[in-house]
Structures are given as structure tokens and as C-alpha cells.
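Me: I am new to reading protein models. Could you walk me through one, feature by feature?

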Amino acid sequence: MSERIKTFKEFYQFYLTEHSRTGTRIFHFIGTLLVFLVIGYVISSGKERFLWYIPIFGYGFAWLSHALIEKNKPATFKYPLWSLISDFRLFFELLIGKQSFIGVSKPKQPWE
């Protein structure tokens, strides 16, 4: 990815190719689920001190999967906001079945 991606639509297609392996998708899903559980717990209990778990779970599971499974650099470093939005979008698309946990092939993209 040498030139910057200009639209979110284009970025999300790139994001999906960078999250093509089943293990990566599972790790991202678990990390995002834990983020929601922490937020729910903090809201219900009023114990804000647990908010620091959010980046640990959210980024920890994701970055671990990129290092060990996908073997690529997370897009978070270059596109932080679009990556965050895409993490949540993929989570909900996996939840409703629009995306599959089963890995997909990586088609060559125009920016490669």
C-alpha cells in the first residue's frame, strides 16, 4: 500500500484483505466483544477504573492476530479512525452473518 487511500469504501475493501484469515477474524471479534462487555460492566457498575481494559482488549487481540496469524502491519498506524470504524463494522457484519469467520482469499488490489 504505497499511496494513501482516499475513501472509506476503498479502505474497507483493503481492510477486509488485511483480515482474510479465520484466526484474525476470530481474534478481532473476541477483542471487540470484550470491549463491549467492559463498557457494559462500567456502565452498570459505575467502576470507571476498568476502562483501561478497553485498549488492552481492543488493540491487544487485534495486534496479536496481525503479528502471529495474518503476518502484516495493522492499518491502525496509518488510518487510525477508519481502522476503528472498520473493526466495529466487521464485528457487526460477523455477528449478523454478512461476513464469514472462514478466511477469504486475498484478491490483488489496485493500490498494490
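Me: Glad to start. What should I know before looking closely?

Reply: This is a predicted model, in which local features need pLDDT of at least 70, side-chain atom pairs count only at pLDDT 80 or more, and totals for chains, interfaces and linings use all residues. Residues are numbered from 1 along each chain as its sequence is written, and side-chain values use heavy atoms, with hydrogens and water left out.

Me: How many helices and strands does the protein have?

Reply: Helices (H or I, at least four residues) and strands (E, at least two) are DSSP runs, numbered from the N terminus. Here there are four helices and zero strands, and the order from the N terminus is α-α-α-α.

Me: What share of the 112 residues is buried?

Reply: Buried means under 20% relative accessible area, exposed means over 50%, and partly exposed lies in between (1.4 Å probe, protein chains only). In this protein, buried residues make up 34% of the 112 residues. Ser-65 in helix H3 (residues 53–70) is buried, with a relative accessible area of 0%.

Me: Which side chain does the side chain of Ser-65 contact?

Reply: A polar contact is a pair of N or O atoms within 3.5 Å; within protein, one must be able to donate a hydrogen and the other to accept it, and residues adjacent in sequence count only if both atoms are side-chain atoms. The side chain of Ser-65 has such a contact with the side chain of His-28, at 3.3 Å.

Me: Now the aromatic rings, please. How do I read a pair?

Reply: Two aromatic rings are described by the distance of their centres and the angle of their planes. Rings of Phe, Tyr and Trp (its six-membered ring) pair if their centres lie within 6.5 Å; planes under 30 degrees apart count as stacked, over 60 as edge-to-face and the rest as tilted. The structure holds 23 aromatic pairs. In one of them, Phe-11 and Tyr-15 have ring centres 6.2 Å apart and planes at 45°, so the pair is tilted. These two residues are four apart in helix H1 (residues 8–17), about one helical turn, and both are buried.
Phe-11 also forms a tilted pair with Trp-82, at 5.6 Å centre to centre and 45° between the planes. That pair links distant parts of the chain, since Phe-11 is in helix H1 and Trp-82 is in helix H4, 71 residues apart. Phe-11 has 0% relative accessibility, whereas Trp-82 is partly exposed at 22%.

Me: Which residues form one aromatic cluster?

Reply: The cluster consists of Phe-8, Phe-11, Tyr-12, Phe-14, Tyr-15, Tyr-79 and Trp-82.

Me: And how many salt bridges are there?

Reply: Side chains of opposite charge can pair when their charged atoms come close. A salt bridge is a side-chain nitrogen of Lys or Arg within 4 Å of a carboxyl oxygen of Asp or Glu, and the count here is two. Glu-93 meets Arg-89 at 2.9 Å, N to O, and both lie in helix H4, four residues apart. Glu-93 also meets Lys-98, at 3.8 Å, N to O. Shared partners join Arg-89, Glu-93 and Lys-98 into one network.
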